[in-house]
Amino acid sequence: MAAAGAYSLSARGERRKAGPTLTEALETHGGLVPNYEISGQQHYRLPMKDKSHLAETKHRPEWTRTPRHKTQTELVDARRAARRPDITFDVDGDGSVGPTDYFISKQFSREKEHRLNSAERGEVVKALESGFLDRFSFGHDEAGAKRPFPVIQVRGQIVDVDTLVKPRDTPRFRRVSAKEPAHATRSELQICRKDDLKSSAAALKEVWDEENPALVPKPLPVLQERVANPGISRKEALRAEARVAAGLDGPCSKVNPDREDLEVGLSYREQPEFPTDTARRQTLRQQLVQDLEKTRSRAEMDYVPKIARHTSRDVVEFEQRRGKPEAQTLTKVKLRRRREFIEYNMANFNPELPQHERYSAQAEPWWTMQPRFSQEPPSCLLKEMRDKAEKAEITMKVNAATSSRCPAARSVEEPMHDTLQNSGPVVPWKEGDENAVVQWGKSCRADRHGTQAPRLFDGVKQATTNWTDTAPLHHLSSFESVQREATKMDTERKQRCLQMDRERARAWRLKTNGAGETVVAGGG
C-alpha cells in the first residue's frame, strides 16, 4: 500500500498522486458499512455495522491463493478419479475390477490408495487359498427380498442351502467378565441413570424447601388472658353444648360405637354369640347389606341427579354472567350515536331539497304542448266510412213511430228505416194526445198481418260461432309454456269425462240387464 502523499505513474506515464491509505479513509469516512443477511437483504435491525476493528487484521496467503480446482465440477471429477481403483485390484485376472475384486483388495490395502503392492497381493493369494471367501456371501443384491432360498447368520456363520452347518458346531460368544451386569441393555442403563438424577434432584429440592420455606406462618398475637394449654377450647365447648341440646351425645361420641367399644378379652364364654367364624362372617355380611339398603333408602330422599346438578349450576353461572339491562353494547352505542348525529343535523342544518318541475303545475296538458300536436286533427277516412255504414244500419224501435207517420197503404218495396229516421223525437204517450206514440200492434201490425213483407231486422245474419269463442283465455296465450299447460289440463279433463261416461254407461247396462248379467260379466 502506498504511503500518504506518494505519487504513482498512470497508464500514459503521467505522474499522479496516489489515493488515501486505509487509516486515512477510516479517519475521514468512518468504519460503517452496509450489513446484509444471509439471504442478501439488508438487516432490518442493524442496517449499518462498524467494521473498523478489522483494519488491523493480518493478511493471510490462503485468501489470495489460486485454488487447485476452479469449479465444483472439476473438484467432483478429481475426487471420482482418485477413487477409481488401480489394475492391481484385479484379483481374478479378467482385466477389470469388479465388486468382488474391489471388496477383497480393500481388505488388504494398507496404504488406502486404491492400489496393491507385491506383498499385499501375496497376502491376498494366501487368504484366498486358506478359505477367506467362505466367511462371506455374495450375490444377495441379485435375488432381492423375494429370493427362493433362505440365508441366515448363526453365531457369525452364514448358513444357506449349500452349506450345512449345525448350530452346536459354531463357537459361542463368551463374555469378557463373569460378572453379570446390573442392566441388560443400554436403554435400561439410560433409564436407570435418568431416574437416579430425578430422585437426587427431588431430594435436593426438598432439603432446599425446608431450609428456605416459601410461606412463613405469621406469629399469633400474645394476649395477657391467653392460656397456653387449656383443658378444652371454647369452640369444642360450644359444639358439645349444641350436641347435647339437640339430643346427641357429648364430645366423646363415636362414629360406630358397636365396633369401637369392643375390646379384646381373655374370659371364657360357654355360649358365644357366633359359634363359628363362618357364622360370624355371614352375620356381618347380612348386617352390612341391611346397612347399605338403609343408607340407599335414606339417600334417595335427598339425591339429585348429576345432570340436574349441572343444569342448576349452569343456570346460576349464566345468571351471574348476564349483563344488566342498562349495560351498553356496541349495537346500542352505534344506534345512540346515529340518533344523535341525525338530531344534530336536523337542529343545525336546513337542507333544501331540489324541486323538479311537474306537469301538474302547467296550465295545459303536456301532450298539447308537443310541437306536432294538432288541435283539430283530420278525420280518418275509414272511420267515416264505418260511421256511415252504422248510421245506415241503425234500426229504431218499432213502437217509436207515431200513428200519423204510419200510413196504412205503404208499399212493400219502400224502406221502413227512412220513415223512422225522418220522424221526430219520441214523445211520451198521454191518453187523449194526438201526437202520442201508439203501440205498434195497434197501428202498423194490424195492417201488415196478412202481408208477406219482411221485418226490419230479418236481413241481419247470425254471426258464425267459432271454437275460440268458448275456449278458455289461457288457450290463446302468447306464452308457449301457458299453452302447453292448458293443453295438458284439457286432456286430463277429457280423460276424466270419458271415464265418468264409461262408468255411467256401465251402471246403466247393469241396471237394465239385471243382476244375472252382472255375475256373468264379473266371472268373465
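How many residues apart in helix 15 are Arg-504 and Asp-501? They sit 3 residues apart in that helix (residues 480-513), so about one helical turn separates them.

## What we're looking at

This is a predicted model, where local features need pLDDT of at least 70 and side-chain atom pairs count only at pLDDT 80 or more, while totals for chains, interfaces and linings use all residues. Residues are numbered from 1 along each chain as its sequence is written, and side-chain values use heavy atoms, with hydrogens and water left out.

The chain has 16 helices and 6 strands, taken as DSSP runs numbered from the N terminus (H or I, at least four residues, for helices; E, at least two, for strands). Of its 524 residues, 7% count as buried. Buried here means under 20% relative accessible area, exposed over 50%, and partly exposed in between, with a 1.4 Å probe and protein chains only. Take the contacts (heavy atoms within 4.5 Å) between residues at least 6 apart in sequence: 26% of them join residues at least 24 apart.

## The core and its rings

The largest nonpolar core holds 7 residues: Phe-89, Ile-104, Phe-108, Leu-116, Val-124, Ala-127 and Phe-132. Such a core is a set of buried Ala, Val, Leu, Ile, Met, Phe, Trp, Tyr and Cys residues joined through side-chain atoms within 4.5 Å. Helix 3 (99-108) and helix 4 (118-129) each give it two or more residues. Leaving aside residues up to four places away in sequence, Ala-127 touches Phe-108 and Phe-132.

There are 6 aromatic pairs in the whole structure. Rings of Phe, Tyr and Trp (its six-membered ring) pair if their centres lie within 6.5 Å; planes under 30 degrees apart are stacked, over 60 edge-to-face, and the rest tilted. Phe-132 and Phe-136 make a tilted pair, 5.2 Å centre to centre with 55° between the planes. Phe-132 is buried at 10% relative accessibility, whereas Phe-136 is partly exposed at 30%. Trp-366 and Trp-367 form an edge-to-face pair at 5.8 Å and 85°. Ring pairs also link Phe-103, Phe-108, Phe-132 and Phe-136 into a cluster.

## Two loop residues worth a look

Asp-90 lies in the loop between helix 2 (72-83) and helix 3. It is buried yet has no salt bridge, and the nearest side chain of opposite charge, Arg-121, is 7.2 Å away (Lys and Arg count as positive, Asp and Glu as negative; His and the chain ends are not counted). What the Asp-90 side chain does reach is the backbone nitrogen of Gly-95, at 2.9 Å.

His-114 lies in the loop between helix 3 and helix 4. This residue has a positive phi of about 60° although it is not a glycine. Most residues other than glycine have a negative phi. At 14% relative accessibility, His-114 counts as buried.

The structure holds 14 salt bridges. In helix 9 (residues 277-300), Arg-281 and Asp-277 are 4 residues apart, about one turn, and their side chains meet at 2.9 Å, N to O. Arg-281 is exposed at 51%, while Asp-277 is partly exposed at 38%. Asp-277, Arg-280 and Arg-281 are linked in a network of salt bridges.

Over in helix 10 (residues 306-321), Glu-317 and Arg-321 are 4 residues apart, again about one helical turn. The closest N and O atoms of their salt bridge are 3.9 Å apart.

Key. Salt bridge = Lys/Arg side-chain N within 4 Å of Asp/Glu carboxyl O. Polar contact = N/O pair within 3.5 Å; in protein donor to acceptor, adjacent residues only side chain to side chain.
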